[in-house]
Every structure is written in C-alpha cells, then in structure tokens.
Amino acid sequence: LLYGLHPLILTAFAGHGHQDVFMIAGILGAIAARSRKKWSLMFVLLGLAIQVKYFPILIVPLFINRVNWRKAWIGLAVGLGPLIPFFFKDGMSVFASFRKFGHAFTFNSSIHGLVMLMTDNIHFATIVCEIMFVLIWFTIMIKLHPDRVTGTSLEISTLSTIVFCVYFLLLPTVHSWYLTIL
C-alpha cells in the first residue's frame with residue numbers, strides 16, 4: 001500500500017503512464033513463481049519483463065539453478081522471440097540504440113557523471129562504467145548466487161535490487177521512473 005501511494009510511483013505510472021509497472025509485475029511474479037518452484041511460469045514472467053525493458057535480463061542468472069536450467073530457454077524465447085523478425089530485417093541494428101544511448105547521452109548519472117567530469121569524455125566514461133558493471137555483475141553472479149552454498153544466503157529479491165542499484169549507479173542516463181523497481 002505504501003509503495004502504491006509513493007509520489008514517484010503515482011507520478012510515473014498513473015500520471016505519465018510509464019510501462020515499467022508491467023516489468024515490475026513480471027519480476028515480482030517470477031520471484032513468487034520461483035519460491036513455489038513453478039519454473040516454466042517463472043521463465044515466462046521473466047521473459048515478459050524483458051519485453052517491457054531489457055535490463056531485467058541482468059537478473060535472469062539469479063533465477064537459474066541446477067533444477068530449472070533446462071527450462072531457461074522459455075524465458076529466452078518469450079523475452080527475445082518477438083525480436084526475431086527484426087534480426088532478419090536489420091540484424092543487430094535492433095540494439096544500436098543501446099550504444100547511442102550510452103555513448104551520446106547523459107542525464108542524472110552518478111558515477112558515470114563523475115568519470116565524465118574528470119575526463120571530459122562521455123565515451124571513455126561509458127567504457128569505464130561498462131567495465132566496472134561487468135566486473136561487479138560477475139562477482140555477484142559467482143559469489144552471491146542464491147543457490148551457491150555460503151554462510152549467509154541473500155534472498156533473490158535482495159540480490160536483484162543490488163544488481164539494479166549497481167546498474168543505475170553506473171548508467172549514463174537515469175530517469176526518475178527507473179528507480180521504481182528498487
């Protein structure tokens with residue numbers, strides 16, 4: 001109830017009509033399906049979340065374990081399947097906007113903005129932040145994966161939030177509604 005009454009949520013979803021609410025619903029549904037061991041449903045919901053925004057693909061490895069890995073193709077098919085016709089038409093240009101978005105624009109960035117301020121080079125700042133993200137992401141996936149045997153096990157929702165926080169801290173453009181997932 002408090003989440004739904006938050007001014008950012010009301011403004012972003014009810015006021016501006018951002019579709020991120022569907023991505024959030026897909027991720028939350030996938031977390032619930034995972035806890036009930038409904039693997040096919042979990043991957044379908046992750047795939048639907050990826051259709052809304054691509055960045056939920058960053059947390060998919062957190063959902064995969066030794067029991068369900070054979071069904072991971074379902075999420076891939078649902079999430080990326082609708083892009084297949086565009087690959088035949090334009091190849092990888094479907095994702096060209098990502099490069100342009102990261103190397104030509106910046107807005108409300110934090111770490112990216114600091115690196116850019118120090119170097120006065122958006123391209124270099126983007127590369128530095130990309131490398132930092134990849135290193136941190138792999139560390140999280142290897143050291144903190146929910147199915148890894150460790151002394152303290154973090155919930156998948158906590159790990160997903162950590163991944164998204166790191167992503168947003170390093171992103172060159174961060175709009176306020178991006179933060180609604182946190």
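Biologist: Which residue forms a salt bridge with Lys53?
Modeller: This is a predicted model, with local features needing pLDDT of at least 70 and side-chain atom pairs 80 or more, while totals for chains, interfaces and linings use all residues. Numbering runs from 1 along each chain, and side-chain values use heavy atoms, without hydrogens or water. The structure holds 1 salt bridge, defined as a Lys or Arg side-chain nitrogen within 4 Å of an Asp or Glu carboxyl oxygen. With the closest N and O atoms 3.5 Å apart, the partner of Lys53 is Asp20.

Biologist: How many residues apart are they in the chain?
Modeller: Lys53 lies in the loop between α4 (39–52) and α5 (60–63). Asp20 belongs to helix α3 (residues 20–35), helices being DSSP H or I runs of at least four residues. The pair links distant parts of the chain, and the separation is 33 residues.

Biologist: Is Asp20 buried or exposed?
Modeller: Buried means under 20% relative accessible area with a 1.4 Å probe, and exposed means over 50%. Lys53 has 17% and is buried. At 1%, Asp20 is also buried.

Biologist: At what angle do the axes of α8 and α10 cross?
Modeller: Helix α8 (residues 96–104) and helix α10 (residues 122–143) have axes, lines fitted to C-alpha atoms over the stretch in contact, that come within 8 Å. They are therefore roughly perpendicular, a class spanning 65 to 115 degrees. The crossing angle is roughly 115°.

Biologist: Which residue touches Leu58, Ile59, Leu62, Phe133, Trp137, Ile140 and Met141?
Modeller: Touching means heavy atoms within 4.5 Å, and residues up to four places away in sequence are not counted here. The residue with these contacts is Val163.

How values were computed
Axes are lines fitted to C-alpha atoms, for helices over the stretch in contact, and angles run from 0 to 180 degrees between N-to-C directions. Helices (H or I, at least four residues) and strands (E, at least two) are DSSP runs, numbered from the N terminus. Angles under 35 degrees count as roughly parallel, over 145 as roughly antiparallel, 65 to 115 as roughly perpendicular and the rest as oblique.
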